Amino acid sequence: MLEPGLEFYLSAWEELGYDRSLGFGVGPIPSASFRSYARDLGMDDDDAERFQFIVRKMDNFYVQHANKKDKK
């Protein structure tokens with residue numbers, strides 16, 4: 001169970017995951033996708049920066065794990 005308020009970041013990460021490139025491994029979510037998502041929700045610059053920082057950290061962990069798993 002997630003702490004209150006964190007569901008938003010997980011939901012955003014799941015939704016933005018559809019924008020990632022796939023090929024010779026799992027690629028990161030493109031920065032333009034973060035900007036578009038934040039803009040669509042009407043986030044100001046500070047909120048958008050915080051949002052991208054948090055979700056990018058989640059995504060980096062996922063990409064590293066997914067690509068390590070693929071190499072086995």
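How many aromatic pairs does the ring rule give? The count comes to six aromatic pairs, where Phe, Tyr and Trp rings (Trp by its six-membered ring) pair if their centres lie within 6.5 Å, with planes under 30 degrees apart called stacked, over 60 edge-to-face and the rest tilted. This is a predicted model, in which local features need pLDDT of at least 70, side-chain atom pairs count only at pLDDT 80 or more, and totals for chains, interfaces and linings use all residues. Residues are numbered from 1 along each chain as its sequence is written, and side-chain values use heavy atoms, leaving out hydrogens and water.

**View A. Tyr9 stacks on Phe51.** The ring centres sit 6.4 Å apart with planes at 25°, so this pair counts as stacked. Tyr9 belongs to helix α1 (residues 7-16) and Phe51 to helix α3 (residues 45-71), so the pair ties together parts 42 residues apart in sequence; helices here are DSSP runs (H or I, at least four residues), numbered from the N terminus. Both Tyr9 and Phe51 are buried (under 20% relative accessible area; exposed is over 50%, partly exposed in between; 1.4 Å probe, protein chains only).

**View B. Phe34 meets Phe51 edge-to-face.** Here the centres are 6.0 Å apart and the planes at 70°. Ring pairs link Phe8, Tyr9, Phe34, Tyr37 and Phe51 into a cluster.

**View C. Arg20 and Asp59 form a salt bridge.** Their N to O distance is 2.6 Å (the cut-off is a Lys or Arg side-chain nitrogen within 4 Å of an Asp or Glu carboxyl oxygen). Both residues are buried.

Key
Helices (H or I, at least four residues) and strands (E, at least two) are DSSP runs, numbered from the N terminus.
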